Amino acid sequence: MNLPNRISIFRLILIPLIVLVWIFPYAQFNIELPVYYVGTVSISLKNIISLIIFVIASLSDMLDGMIARKTNQITTFGKFIDPIADKCLTTTLFIIFVANNTISFIPVMIMIWRDTIVDGVRQIAASKNFVMAAGKLGKLKTASQMICIILILLNNLPFELISVPVADILLWFSALISMISGIDYFMQAKEIILKDK
C-alpha cells in the first residue's frame, strides 16, 4: 500500500476517535471537562479536542491527494477510499451535531440523500464503463462542509461575537451545493441511467 492510501486509512481511523471524544462517559469517571470563554461564547474542551482531530483529518485529505498526484501514485484503491474517508468524516460530525441538537437535521438529511444517490449513479456508470469526473461543485461541497464543521466546533467563533450566524449559513449552503452537484452528477449519466437495457 502506497503512502497516499495509508494517509486515507489514517483519516478513517481518526473518525472513531472523534466519536469516542463525544460519547465517552466522562461523568462516570468523575471527569469534568473545562469550558473556555471568548467574550460571551463558551467552548468545551471536548469541542477543542474534536476540532484538532478534525483539522488533522482534513489536512490529511489535502496531503494524500497532493502526494498521489506529484508522485504519480494514483491507484484504483485510492480513488475508492479517498472519497469514502471524506464522506465518513463529514457525515459522522454532522450526525453528532444533530444528536446533540446543535444543528437542524434537515440539511444533514439532504446531504446524506445526495451522497447516497450519487454513489448509486456512480455504480451504474461504472457498470457501463462510463467514467464520471469529480466536478468542481463536489469539491466546493466538501470544502464548505469542512469549514462549516470547524465553525460549529468553535460555536461560530469569531462570527458569534458580532451575532452573524456564519456556521448556519454555511450549513444550508452546503446542503444547497450538495443538491446542485447531485443533479449535475445525475445529468452526466442520465442517458445511461434511463436506458431500458
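This is a predicted model: local features need pLDDT of at least 70, side-chain atom pairs count only at pLDDT 80 or more; totals for chains, interfaces and linings use all residues.

Guide: Let's start with burial: buried means under 20% relative accessible area, exposed over 50%, and partly exposed in between (1.4 Å probe, protein chains only). Residues are numbered from 1 along each chain as its sequence is written, and side-chain values use heavy atoms, with hydrogens and water left out.

The structure holds 7 salt bridges (a side-chain nitrogen of Lys or Arg within 4 Å of a carboxyl oxygen of Asp or Glu). One of them joins Arg11 to Asp64, at 2.9 Å from N to O. Arg11 belongs to helix H1 (residues 3-23) and Asp64 to helix H2 (residues 45-70), so this contact ties together parts 53 residues apart in sequence. Helices here are DSSP runs (H or I, at least four residues), numbered from the N terminus. Asp64 is buried too, with a relative accessible area of 4%.

Arg11 also has a salt bridge with Asp82, and there the closest N and O atoms are 2.6 Å apart. Asp82 sits in helix H3 while Arg11 is in H1, so this pair links parts 71 residues apart in sequence. Put together, salt bridges with shared partners join Arg11, Asp61, Asp64, Asp82 and Asp86 into one network.

Now look at another pair, Arg114 and Asp115: their side chains meet at 2.8 Å, N to O, and both residues are buried. A cavity is a set of points on a 1 Å grid over the protein atoms alone where a 1.4 Å probe fits but cannot get out, and lining residues have an atom within 4 Å of a point. The whole structure has 1 cavity of 30 Å³ or more, and about 40 Å³ of space lies in the largest cavity, counted as the space filled by probe spheres set on the points.

How values were computed: On a 1 Å grid over the protein atoms alone, a cavity is a set of points where a 1.4 Å probe fits but cannot get out, and a pocket is an open set with protein on both sides within 12 Å along at least five of seven lines; lining residues have an atom within 4 Å of a point. Helices (H or I, at least four residues) and strands (E, at least two) are DSSP runs, numbered from the N terminus.
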